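Dear colleague,

I am handing over the structure below, followed by some notes on what was found in it.

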Amino acid sequence: MKKFIPLIAIMFPCYAFAASSNDTITSKLNDTFSFELESNPTTGSSWIIKNLPKNVALVGMEYVQSQNCGNKVGCGGVEKFFFKSISLGKGTLELKYGQPFENLPKDSTYKYINVIK
């Protein structure tokens, strides 16, 4: 899977990249876009997509450990998400950070997706 993700990023032009937790992403139809969110899966927590809007498709996810960790266990990093814009319009992507085996937190992170021609 890790070899597949960079291939997707090269094959499709990336129109948008977002790093903050709540923001608007504008993408052209049939383009791919990505963003990353801080994460530390060694705690048992990860990002969970609670709501995926109809105008995008998830094409991949990848965890990248922080470079200053030196491959030590317990270090954090980022989870990268890769999407393709599949139809025009606006939608809301809702993500939650937590442990899937426990109750998810009430707070969510939102990405407002706007797909244009």
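Is Y110 buried, partly exposed or exposed? Y110 is partly exposed, with a relative accessible area of 29%, where buried means under 20% relative accessible area, exposed over 50% and partly exposed in between, for a 1.4 Å probe and protein chains only. Y112 is likewise partly exposed, at 37% relative accessibility.

Please bear in mind that this is a predicted model, in which local features need pLDDT of at least 70 and side-chain atom pairs count only at pLDDT 80 or more, while totals for chains, interfaces and linings use all residues. Residues are numbered from 1 along each chain as its sequence is written, and side-chain values use heavy atoms, with hydrogens and water left out.

The structure holds five aromatic pairs (rings of Phe, Tyr and Trp, the latter by its six-membered ring, with centres within 6.5 Å; planes under 30 degrees apart count as stacked, over 60 as edge-to-face and the rest as tilted). F35 and F81 form a stacked pair, at 5.3 Å centre to centre and 25° between the planes; F35 lies in strand β3 and F81 in strand β6, 46 residues apart (strands are DSSP runs of E, at least two residues, numbered from the N terminus). F35 is buried, with a relative accessible area of 1%, and F81 is buried at 0%. The rings of Y110 and Y112 have their centres 6.2 Å apart and their planes at 15°, so this pair is stacked too.

Ring pairs also link F33, F35, F81 and F83 into a cluster.

Methods: Helices (H or I, at least four residues) and strands (E, at least two) are DSSP runs, numbered from the N terminus.
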